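Hello,

Here is the structure we talked about. Please open it and follow along with the notes below.

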Amino acid sequence: MSHGVMGSLRPYAAMAIQIPIEVARRFILGKQGLWPGRRWRGLEGTEAAMRAIEHLQLDPLVVIARAHDLILHSRVIDYRPGDWGTLTYEQRKFFDWGGWLAVRPMDELPYWRVVMRRELNEPNWIEFGKEHAGAIAEMRQVLAERGTVSNRHFATGDRKRVDSYRGRKDSALALHYLWRIGDVMVSRRERFERVYALTEAVAPPELIREHDPAEAEDFLLLKMVAADGLTPLRNVGNDLMRKVAASELSAWRAARLAAGELIEVHVEGWRAPQVALAADRAALEDLLASRVPAGWTPLEVTTEQEATFLAPLDPVSARGRAKPLFGFEYTWEVYKPAHQRKWGYYTLPILWGDRLVARFDSKLDRSTDTFVINGLWLEDDRLASDAAFATALGLGMDRFRRFLEAKRVDAGAVSYPALRRRLAAR
């Protein structure tokens, strides 16, 4: 991020926007395609949703469905589990990569390759590259000969054992290493397991290059802002794979504000000033004037008419974001010991309108095709007698049941009689 900004800055404080928390909620939800309702449909709509999300985080765990499928179901009207994979591995419109595993648009590859190549300078990979140079060279040769390969193609007894959460065989870690540095890509997934191929067999040749590092960092930092909608823009070193001093980041932020690429936003009740893309000023001004921004009109019902269920990794509510944005305490408890869980193993927040108003824990019983609600908890018990909420919750649950291909809902554990009857009736 080497930009000559000192002495060239123009005042931008007067261009800052002040917004109430309600506008911040609607803006962040709307940027992500969650408010005022689903506005995408089909594979084309799934692609649009994935681009709007910016970084679709992948997670292998299946309880009712994988988290990334839940993220897209909440945004795309007729989304089917695995549609993201069709776009990624069959149509090659996206690629997956990273220690923080996410799907990104294929056309962004030259920017990401700058970060991929920086993995070569990571101490753990330098050490691994020296210690397992033979296995790395072998995996390159195997891929050149076979085209595609996965970890399961190598018997444990035939490989050198390694002690890593990435794998127990040197072949597994060598493939992972080649993937992280950009020499191979994931060609497809089989039961979510990676099947690798050389990068030139997956990506278009014109994209197998590295952008200028400064331009790449500009792009990736602006992408981070786009993904969050509003952000104080801190701690970006892990994303750029290098140390970034606070003074350097502050200078970059000031330069982007001065250049008119970012705007400063002050949110009621939030201490730190936020930044947003300058291109989003019109949407913020529309929301301040109680207008729905252009392009945000739902194709069917609104979130007031039909509740939406958020995935555990949804970017609007995960990693502590639910508290400042919605006043909603949410922690994904899947990795907590059972005795430490307050709500449940796979609890999902419930979005009604522009608020998180409840949560439920559930499981899918495939033997009886039953969606089982283990418990449902309201933030305000008065909602239990709200007919509009009951209707919205019932419609949301019916859509969810169809998405999961369950035949019935078991709401016996729901402690609110009116809601239990409404859910069981779907």
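Start with two paired strands: 8 bridges join β14 to strand β15 (residues 370-378), and the two run antiparallel. Keep in mind that this is a predicted model. The hairpin of β14 and β15 has 4 residues between the strands. There, D369 takes a positive phi near 55 degrees.

Now look at the other partner of β14. Strand β13 (residues 347-352) is joined to β14 by 6 bridges, and this pair is antiparallel. L351 has its bridge partner, L356, in β14. β13 and β14 also form a hairpin, with 2 residues between them. G353 sits in that turn and has a positive phi of about 65 degrees.

Is β14 enclosed or open? Of its 11 residues (355-365), 8 are buried, so the strand is largely enclosed by the rest of the structure.

Next, the cavities. The count is 2 cavities of 30 Å³ or more.

- The largest cavity holds about 50 Å³ of space. Its lining includes F95, W97, R113, M116 and W179. β3 (94-97), α5 (109-118) and β8 (184-190) each give two or more residues to this lining. By class, the lining has 8 nonpolar, 1 polar and 2 charged residues.
- The second largest cavity has a volume of about 30 Å³. G37, R38, V301, T302, T303, E306 and T308 line it. Here the classes are 1 nonpolar, 4 polar and 2 charged.

Best wishes

Key: Residues numbered from 1 in each chain as written. Predicted model: local features only at pLDDT ≥ 70, side-chain atom pairs only at ≥ 80, totals over all residues. Heavy atoms only, no water. 1 Å grid on protein atoms, 1.4 Å probe; cavity = no way out; pocket = protein on both sides within 12 Å on 5 of 7 lines; lining within 4 Å. Points joined across faces, edges and corners; volume = space filled by probe spheres on them. Nonpolar A, V, L, I, M, F, W, Y, C, P; charged D, E, K, R; others polar. Buried < 20%, exposed > 50% of the residue type's maximum accessible area, 1.4 Å probe, protein only. Pairing = 2+ DSSP bridges.
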